Amino acid sequence: QKENVSLLERGRDASLLSRTLGGGGGDLNDSPLSSVTERRRNESIKHNFEKMVRPSELAAEEGNFPVLFDLDTAGYNNENDPLQKWLSYIKFMQDTYPSDTQSTFLLLERCTRALVNHPKYADDVRFIRVCVLYASKTSSAHDVFKYLHQRRVGTKVSLFWNAWAWTAEKAG
């Protein structure tokens with residue numbers, strides 16, 4: 001069985017990829033029942049991620065993101081960092097659904113839109129990586145970089161400038 005799997009810069013875990021694509025090697029766990037159970041588990045995880053990232057989308061839509069997620073508080077950690085939740089969700093989707101490039105693309109777009117106006121992430125390399133990956137998958141990467149630049153996102157991060165220059169050079 002042939003599957004089209006998108007490439008990841010960080011690479012993929014071969015055992016996870018094999019299990020995801022159904023090439024488990026003849027284990028007892030390869031039954032249709034375990035496949036259904038695995039799908040249900042993955043959908044439940046996906047639903048939980050949706051609940052975790054939705055507040056940042058709603059806050060961005062309402063324009064009060066900095067108020068809802070004050071990252072300067074003493075209790076700041078990865079658990080209440082909206083970007084970390086997005087990054088975990090993106091990684092989960094890339095690992096669990098390796099051939100579903102459309103869903104991953106939409107997730108990258110949603111993350112970019114949700115966090116683009118938050119000043120804490122303007123020069124956060126983690127966020128810039130998401131934006132660059134999103135831009136690289138669009139048909140109008142130059143417009144994405146121009147939009148980010150207008151919002152002062154990535155202007156102090158070399159990755160942003162290198163990616164924009166590479167996009168311009170590739171376009172000719």
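A residue is called buried here if its relative accessible area is under 20%, exposed if that area is over 50%, and partly exposed in between (1.4 Å probe, protein chains only). By this criterion, 33% of the 172 residues of the protein count as buried. The model is a predicted one, in which local features need pLDDT of at least 70 and side-chain atom pairs count only at pLDDT 80 or more, while totals for chains, interfaces and linings use all residues. Residues are numbered from 1 along each chain as its sequence is written, and side-chain values use heavy atoms, with hydrogens and water left out.

The secondary structure comes to 8 helices and 0 strands, where helices (H or I, at least four residues) and strands (E, at least two) are DSSP runs numbered from the N terminus. Along the sequence the pattern reads α-α-α-α-α-α-α-α. Contact means heavy atoms within 4.5 Å. Among contacts between residues at least 6 apart in sequence, 62% join residues at least 24 apart.

In α7, the residues A141, V144, F145 and L148 are buried. These residues cover an arc of only 95° around the axis, which puts them on the same side of α7; the arc is that of the directions from the helix axis to the C-beta atoms. The cover over the buried residues of α7 includes α5 (101-115), α6 (125-136) and α8.

The pairing of α7 with α8 (residues 158-171) brings the two axes within 9 Å, at a crossing angle of roughly 150°. Axes are lines fitted to C-alpha atoms, for helices over the stretch in contact, and angles run from 0 to 180 degrees between N-to-C directions. The angle makes α7 roughly antiparallel to α8, given that angles under 35 degrees count as roughly parallel, over 145 as roughly antiparallel, 65 to 115 as roughly perpendicular and the rest as oblique. The crossing of α7 past α8 is left-handed, a term used if the near helix is turned anticlockwise from the far one by less than a right angle, with right-handed used if clockwise. On the α7 side the contact involves A141, H142, F145, K146, L148 and H149, which meet F160, W161, A163, W164 and T167 of α8. Sorted by class, the residues of this contact are 7 nonpolar, 3 polar and 1 charged. In this scheme Ala, Val, Leu, Ile, Met, Phe, Trp, Tyr, Cys and Pro count as nonpolar, Asp, Glu, Lys and Arg as charged, and the others, Gly among them, as polar.

Turning to α6 and α7, their axes come within 8 Å and also cross at roughly 150°. Here too the angle makes α6 roughly antiparallel to α7, but α6 passes α7 in a right-handed crossing. The contact is formed by C131, V132, Y134 and A135 of α6 together with A141, V144, F145 and L148 of α7. Its class composition is 8 nonpolar, no polar and no charged residues.

The axes of α5 and α6 come within 9 Å and cross at roughly 130°. That angle makes α5 oblique to α6, and the crossing is left-handed. From α5, the residues F105, L108, E109, C111, T112 and L115 take part, and from α6, F127, V130, C131, L133 and Y134. The division by class is 9 nonpolar, 1 polar and 1 charged.

R152 lies in the loop between α7 and α8, just after α7, and takes a positive phi of about 60°. This is a positive value in a residue other than glycine. With 62% relative accessibility, R152 counts as exposed. R129, placed in helix α6, is likewise exposed, at 52% relative accessibility. The C-alpha atoms of R129 and G154 are separated by 9.5 Å, although the two residues are 25 residues apart along the chain.

N42 belongs to helix α2 (residues 32-62). N42 is buried, with a relative accessible area of 9%. Beyond its neighbours within four places in sequence, N42 is in contact with F92, T96 and Y97.
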